[in-house]
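Q: Hi! Could you walk me through this one? I'd like to ask things as they come up.
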Amino acid sequence: MDHRNDFLQLVAKYCDKDASEFTDDMRFREDLGFNSLSFMTFLGDLEDTFDMELEEENALKITTIGEAIEYMNTLLSQ
Amino acid sequence: MERILYPLNVGQMLQYLPIRETGTQRCCNISVFSGLQTEIDFDLLKRCIKDEYRRYECLRLRFTAPDEEGFVQQYIAERDDRDVPFLDLSDRTMEEADAYLQELTFEEFRDAEIPMVEITMVRMPEGYNGMYIHVDHRLVDSSGLIVMVNDIMELYCHYRFGSDYPEPLASFEEVLISDLEKAGNSKRQARDEKFWHEYLTENGEPIYSDVRGPRILQESRRRHSDKSLRVADVETRDRSVGVADFHLEPEATQTLLDFCATQGVSMTNLILLSMRTYLSKMNGGQEDITLRNFVSRRSTRAEWTCGGSRVLSFPCRTIIPPDTEFLDALYEVQNIQNRIYLHCNYDPVAVDSMLKKLYGAPADTEYISMSLTYQPMPVRMQNEHLAGINTRSVWYPNGAATKQIYLTVTHSSNDGGLIFDYHYQKAVLTYDDIQKLYYYMMKMMFRGVEEPDITIGELISTT
């Protein structure tokens with residue numbers, strides 16, 4: 001399963017951009033327009049989509065797409 | 001075509017429960033006038049409103065009669081070809097016209113399986129022309145209503161001036177199906193339930209606070225002969241509502257917005273902090289304050305334009321010692337709110353029941369006296385053809401206060417300044433109480449923004 005592609009498709013549901021436009025250094029808040037509520041809702045969606053449980057403290061430190069993918073891959077490989 | 005029946009989502013259920021409890025649909029009405037101070041082609045506007053009934057699926061929602069347990073189901077009618085009525089109030093004063101529309105607000109949508117919205121074109125005094133929208137809250141919340149008004153005006157500009165035809169709106173039905181699937185996700189439900197149980201127990205029982213000071217809790221303690229009671233009685237007989245509106249100038253609003261942007265905090269949390277600090281001040285420096293924050297669960301693109309009622313409310317409890325600096329207190333509020341946001345798909349009614357069950361609160365009592373909803377989206381009418389035209393948006397209270405103080409903060413469509421719209425229970429509070437609350441909230445917010453390292457204790461004692 002291509003987690004990266006599925007992940008980017010999920011992000012695209014939240015902003016006015018196509019998944020193909022995303023780059024790893026894009027920041028959720030500043031570049032993609034996420035606010036506190038949409039970011040936390042996105043994290044909940046992430047848990048449901050990939051059937052994993054995030055640690056709140058670590059998840060809240062995520063600022064970019066690249067960091068989120070790295071964190072997700074770490075959790076999925078455990 | 002066979003109709004498909006769906007249960008209400010949690011946001012709609014939150015609106016429906018008061019109807020079920022009070023037996024009147026009135027408490028679930030939203031009534032708004034939205035218009036422009038310019039001539040409007042009403043034939044064209046009628047065409048746009050009829051288009052909107054087709055485009056905005058949620059406007060065609062119908063509800064079945066309640067079942068044996070009092071619950072209703074919903075379906076989407078295939079079409080709604082009603083005519084759009086017209087009302088001319090231009091020969092009255094603005095006060096008289098508003099009073100007339102206010103009266104219409106009390107009209108109920110009584111029957112099952114009927115349209116739950118009525119849009120009337122209105123010619124108002126002082127050259128304002130537009131629409132009066134009377135709708136059941138289960139069809140739209142304030143965000144949904146704003147999306148609708150903007151969409152109608154975009155359609156109008158398309159037909160009138162040739163601007164681009166607006167993008168389609170998301171399907172209410174598709175988002176509802178997704179909501180119901182999420183609500184049925186047992187892992188998610190278990191995680192949310194665990195969170196809420198921990199959240200409600202980690203600091204023990206909350207304690208009531210009131211803008212009128214600690215005497216309200218003390219009176220309840222006497223009434224219940226319980227010196228340790230931490231909830232206060234609620235006035236349930238007289239629910240008549242008072243309204244107090246205050247406008248914060250655009251420059252001052254910008255100061256707050258700039259501060260929020262610089263510090264990476266939201267306006268919601270800044271307002272929550274000012275509310276809880278005022279309650280703390282009025283209750284002898286009480287550190288443990290609980291407010292109710294209304295969250296509009298609109299995060300994905302589809303959720304923003306699908307309509308429906310997506311507003312949920314949860315208790316926001318903060319315990320902030322007086323030596324905490326303003327900015328740290330703000331981050332504390334933000335931290336609590338972020339935790340709540342992660343679990344805000346959970347049924348808020350279940351959270352309230354859990355809280356009452358955990359601590360055995362007596363019937364008709366509350367831990368919370370003040371509620372907030374912050375609406376960041378203005379009625380934009382950003383179309384270039386409408387630029388510079390004065391707008392008028394009036395939200396008419398439905399006459400039933402379900403909360404002691406319910407503050408709605410919005411951005412003015414005319415100048416972008418903040419509008420603080422307080423609905424309060426007239427049986428227990430006066431306009432002066434609310435004016436004082438607003439005055440101190442502003443004083444505390446601006447002092448904190450100016451001196452972010454001031455302690456909460458200092459803020460309380462010097463403002």
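Q: Let's start with strand E11 (residues 311–319) of chain B: is E11(B) mostly covered or open?
A: Mostly covered: eight of the nine residues in strand E11 of chain B are buried. Buried means 20 or more other C-beta atoms within 10 Å of a residue's own, exposed means 12 or fewer, and partly exposed is in between, with C-beta atoms placed from the backbone. Strands (E, at least two residues) and helices (H or I, at least four) are DSSP runs, numbered from the N terminus.

Q: Before I go on, what kind of model is this, and how are things numbered?
A: This is a predicted model, where local features need pLDDT of at least 70, side-chain atom pairs count only at pLDDT 80 or more, and totals for chains, interfaces and linings use all residues. Residues are numbered from 1 along each chain as its sequence is written, while chains are lettered from A and ligands numbered from 1 in the order in which they are written.

Q: Thanks! Which strand is joined to E11(B), and by how many bridges?
A: Strand E10 (residues 288–296) of chain B runs antiparallel to E11(B), and nine bridges join them. Within this pairing, Ile289(B) stands opposite Thr318(B) of E11(B). Two strands count as paired if DSSP finds at least two bridges between them.

Q: What sheet do they sit in?
A: An open sheet of six strands in chain B, in the order E9-E16-E15-E13-E10-E11, with mixed pairing. Strand E9 (241–248) and E11 of chain B are the edge strands, each pairing on one side only. From one strand to the next, the twist averages 20 degrees.

Q: Which helix lies across E10 and E11 of chain B?
A: Helix H11 (residues 326–342) of chain B does, running at about 140 degrees to E11(B). Angles run from 0 to 180 degrees between N-to-C directions, and axes are lines fitted to C-alpha atoms, for helices over the stretch in contact.

Q: How do H9(B) and H11(B) cross?
A: Their axes come within 9 Å and cross at roughly 115 degrees. H9(B) passes H11(B) in a right-handed crossing; right-handed means that the near helix is turned clockwise from the far one by less than a right angle, left-handed that it is turned anticlockwise. H9(B) contributes Thr268(B), Asn269(B), Leu270(B), Leu272(B) and Leu273(B) to the contact, and H11(B) contributes Ala329(B), Leu330(B), Val333(B), Gln334(B) and Gln337(B). Two residues are in contact if their C-beta atoms, placed from the backbone, lie within 7 Å.

Q: What classes are those residues?
A: The contact of H9(B) with H11(B) has six nonpolar, four polar and no charged residues. Ala, Val, Leu, Ile, Met, Phe, Trp, Tyr, Cys and Pro count as nonpolar, Asp, Glu, Lys and Arg as charged, and the others, Gly among them, as polar.

Q: And how does H9(B) pack with H13(B)?
A: Helix H9 (residues 267–282) and helix H13 (residues 431–450) of chain B pack at about 115 degrees, with their axes 9 Å apart. That crossing is right-handed. Among the residues making the contact are Leu270(B) and Tyr278(B) of H9(B), and Tyr440(B) and Met444(B) of H13(B). By class, the contact of H9(B) with H13(B) has eight nonpolar, two polar and one charged residues.

Q: New topic: where is Asp111(B)?
A: Asp111(B) is in the loop between helix H3 (94–105) and strand E6 (117–123) of chain B. Asp111(B) counts as exposed because 11 other C-beta atoms lie within 10 Å.

Q: Last one: how many residues of chain A are in contact with chain B?
A: 16 residues of chain A are in contact with 16 residues of chain B. Helix H2 (residues 36–50) of chain A gives the largest share of the chain A side, nine residues. By class, that side has six nonpolar, five polar and five charged residues.
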